[in-house]
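Let's take a walk through this one together, a piece at a time. Have the viewer open and follow along.

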Amino acid sequence: MNTDSPASGTTAHAVLSYPQFLWKALGVATDGGPLFYGWMTALTAIWLVGVNAFAHQTVHGQGLTAMTDHVSWGMYIGNFTFAVGLAAGAVMMVIPAYVYKDKEMHDVVIVGEILAISAICVALSFVNVDIGRLDRLWHMIPGIGRFNWPVSMLTWDVIVLSGYLLINLHVVGYMLYMRFLGRTPDKKWVLPFVFLSIVWAVSIHTVTAFLYSGLGGRPFWNSAVLAPRFIASAFVSGPAFIVLALQLMNRLTAFKAGEGAVQTLIQILRVTALANLFLVFAEVFTEFYTGGSHVAAAQYLYFGLHGKNALVPWIWTAIACDVFAAIVFLTVDPKKNLWIIDVACVATLFGLWVEKGLGLIVPGFVPSTLHELVEYVPNMVEWKISLGIWALGLMIFTLGLKIAVAVFTDAMHVEEA
Amino acid sequence: MSTDRRTMMKATGATLGAAAFARALAPLTEWTEDLSVEGFLQRHYKELSRDDMAAVLRRIEDQTREEYGASVHVEDVRPTPGVQFAYALNLSVCIGCRRCAKACHEENNHDRATNNSYIRVLEMSNGSLDLEHGNALYDHEVPAPGKFYMPVQCHQCDNAPCVKVCPVEATWKESDGIVVVDYDWCIGCRYCEAACPYHARRFNWTKPEIPAEEINPEQAYLSNRIRPQGVMEKCTFCLHRTRKGRLPACLEACPTGARVFGNLADPDSEIRWVLENKRVFVLKEDLGTQPRFFYFFDE
């Protein structure tokens with residue numbers, strides 16, 4: 001695809017051309033073949049099941065979930081944490097494209113930015129379904145409510161997550177609109193925001209880690225290595241997701257990503273997958289070699305404690321997936337056996353979803369601060385709502401890509417009045 | 001496919017989708033019926049004028065009558081300047097009968113079905129203060145041989161992790177040392193529940209249910225009024241009683257006199273005497289939370 005399109009002498013005024021851009025984008029987003037309609041209908045159906053479960057939860061309270069006063073965060077906050085990582089990981093396309101001026105990555109970097117937008121929407125949705133009083137969300141708005149900044153880490157998280165969403169919306173929206181007009185994007189409206197987004201991506205997962213690691217009463221989270229672990233795992237999950245997405249786009253759309261972009265991402269995965277495993281190992285060593293009551297949560301997670309072991313099969317499957325993926329990234333030639341890499345990407349996405357999800361949140365609460373052992377297994381309501389939110393995220397991702405593909409293949413272009 | 005037919009199909013799809021969405025959200029109508037405009041717009045506790053507060057209290061009383069069928073009296077009881085509350089518990093005489101937990105359950109209008117209470121009593125084995133060897137679910141005659149008992153409730157920390165983490169300042173420390181929650185301001189994120197090292201906070205997972213005749217009608221805005229669904233709650237040292245010179249319900253219920261409550265600022269108070277003359281300790285001192293709840297042994 002061609003990025004240096006000539007700046008055509010379009011004179012369409014923004015007042016006319018921007019509504020046209022939105023209208024055409026709506027048309028493109030709702031047009032497609034049977035596969036597209038089938039995919040979107042399935043996602044809508046799953047989302048609606050989630051919406052319905054959420055409506056019931058809102059009426060009857062979080063008592064409909066499996067959470068208790070002992071394990072007071074569960075499936076929702078686990079998925080939130082993983083989704084923030086996915087959003088931060090998308091920056092691994094931005095760095096090669098803008099810092100190292102990788103031409104092929106530059107052509108497809110918008111895929112990463114659209115992933116960031118979708119993943120942040122997913123993360124924010126998970127927070128919203130977790131809080132007990134959605135009607136009081138306005139209490140957080142500075143000026144109208146009482147925003148406990150800078151003391152509460154949660155207020156920092158609100159700032160960095162919404163900031164990251166806005167930065168990426170700006171970059172994606174601006175690039176697509178300029179391209180739609182047939183103009184060359186103005187660097188001063190792109191580069192500062194792109195470099196800001198790189199720093200910001202690190203901040204979203206650091207702050208999210210600080211939410212947990214700042215709590216002295218929860219030894220399992222109260223570890224300085226948590227933030228580095230979050231970053232390392234984000235830089236695995238983001239690229240792994242995009243490797244799969246780029247290949248699917250090459251097969252299903254008119255948009256052809258160059259071979260180089262996928263290869264670069266696999267090179268990144270070779271390093272980050274190992275870094276992630278190393279940090280997990282460092283954590284596990286410190287816990288078990290030290291021993292004492294500090295190790296109880298890790299003991300529960302990896303081996304079970306006093307006969308309670310709900311997470312044991314999950315965490316070992318996750319570790320097996322992560323180790324398998326790391327070995328594949330290091331040993332398999334992506335040019336010959338790309339499909340094995342794809343399997344490894346799926347495996348590690350699952351592994352990280354467990355490790356950064358329930359595997360991170362639940363042991364923070366088991367054993368409880370009074371050392372009581374109350375287990376937690378998400379119930380049907382939580383599964384429905386969670387799957388619904390992921391379906392919504394995939395819809396946003398699909399529609400975003402659909403519009404981007406139409407614009408970049410010049411199927412969607414401004415029409416002079 | 002012609003453009004017209006495609007547009008028709010899209011319109012049909014959008015209509016069906018919107019109808020399905022409305023249907024999925026239908027249960028919400030039940031929820032919106034319970035919401036009032038005044039309730040939605042209500043300001044933070046510290047921003048309410050005297051008149052605002054009077055209106056809020058009347059509204060809460062009306063709601064309780066409507067939803068629970070009980071006539072109650074809700075007050076806004078403020079701290080007395082110069083008073084600093086603290087609590088101490090004698091582990092040598094506590095027998096683990098859990099009458100304190102029961103008294104708390106009744107005094108503070110807790111949900112009946114879950115048998116909720118702000119106090120959790122741990123049965124500990126002689127020879128260890130390690131909570132890991134405690135058990136809150138004991139079900140046998142007390143006191144059992146070789147055991148001692150440690151009730152745990154909110155420690156009203158001077159350096160409270162729960163207050164620090166709240167994103168909307170819905171929980172804070174009052175001038176007399178009591179940590180309170182504005183149940184009408186809390187958004188229910190449960191970050192405070194994760195931050196508390198003493199398992200002192202409780203969430204209203206559902207709307208509390210109590211038969212009208214069992215409701216304690218003497219209520220305060222910041223303490224034992226019936227909490228709304230979806231918000232946090234905690235022990236308030238029964239501020240609706242203690243700020244009026246009475247003792248906490250858990251203390252009055254204790255058959256062994258293990259509990260000592262009072263004003264730290266009063267040099268003649270029993271609590272001062274205990275802190276000055278007994279070997280006193282606090283739970284998890286290494287976390288630096290600086291509790292106002294102390295434990296001691298007699299012998």
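Keep in mind as you look around that this is a predicted model. As for the hand of the crossing between H1(A) and H14(A), it is right-handed. If you want to pick out the side chains involved, select A:Ala25, A:Val28 and A:Ala29 on H1(A), which meet A:Leu399, A:Lys402, A:Ile403 and A:Ala406 on H14(A).

Now slide over to another helix pair in chain A. Here the axes of helix H4 (residues 91-99) and helix H5 (residues 103-130) of chain A come within 9 Å and cross at roughly 155°. That angle is over 145 degrees, so H4(A) and H5(A) count as roughly antiparallel to each other. The crossing of H4(A) and H5(A) is left-handed. H4(A) brings A:Met93, A:Val94, A:Pro96 and A:Ala97 to the contact, while H5(A) brings A:Met105, A:His106, A:Val109, A:Val111 and A:Gly112. The tally for the contact of H4(A) with H5(A) is seven nonpolar, two polar and no charged residues.

From A:Trp149 to A:Pro150 the peptide bond is cis, with omega near 5°, and A:Pro150 lies in the loop between H5 and helix H6 (153-181) of chain A. The peptide bond from A:Val366 to A:Pro367 is cis as well, with omega near 0°. You'll find A:Pro367 in the loop between helix H13 (358-361) and H14 of chain A.

On to chain B, which has ten helices and twelve strands. Its C-alpha trace spans about 90 × 45 × 40 Å along the principal axes, and of the 299 residues of chain B, 42% count as buried. Look at contacts in chain B between residues at least 6 apart in sequence, and 65% of them join residues at least 24 apart.

Helix H1 (residues 3-25) of chain B deserves a stop. It has 23 residues and reaches 33 Å from its first C-alpha to its last, close to the 33 Å expected at 1.5 Å a residue. Of those 23 residues the number buried is one, so H1(B) lies largely in the open.

H1(B) also turns up where the chains meet. That contact takes 52 residues from chain B and 43 residues from chain A. On the side of chain B that touches chain A, the largest share, six residues, comes from H1(B). That side of chain B divides into 33 nonpolar, eight polar and eleven charged residues.

B:Asn109, in the loop between helix H5 (99-107) and S3 of chain B, has phi near 55°, a positive value in a residue other than glycine. B:Asn109 is buried, with 24 other C-beta atoms within 10 Å. B:Gln156 has a positive phi too, near 45°, and sits in the loop between strand S4 (147-152) and H6 of chain B. With 26 other C-beta atoms within 10 Å, B:Gln156 is buried.

Definitions and conventions. Residues are numbered from 1 along each chain as its sequence is written. Chains are lettered from A and ligands numbered from 1 in the order in which they are written. This is a predicted model: local features need pLDDT of at least 70, side-chain atom pairs count only at pLDDT 80 or more; totals for chains, interfaces and linings use all residues. Helices (H or I, at least four residues) and strands (E, at least two) are DSSP runs, numbered from the N terminus. The expected span of a helix is 1.5 Å times one less than its number of residues. A residue is buried if 20 or more other C-beta atoms lie within 10 Å of its own, exposed if 12 or fewer, and partly exposed in between; C-beta atoms are placed from the backbone. A crossing is left-handed if the near helix is turned anticlockwise from the far one by less than a right angle, and right-handed if clockwise. Two residues are in contact if their C-beta atoms, placed from the backbone, lie within 7 Å. Ala, Val, Leu, Ile, Met, Phe, Trp, Tyr, Cys and Pro count as nonpolar, Asp, Glu, Lys and Arg as charged, and the others, Gly among them, as polar. Axes are lines fitted to C-alpha atoms, for helices over the stretch in contact, and angles run from 0 to 180 degrees between N-to-C directions. Angles under 35 degrees count as roughly parallel, over 145 as roughly antiparallel, 65 to 115 as roughly perpendicular and the rest as oblique.
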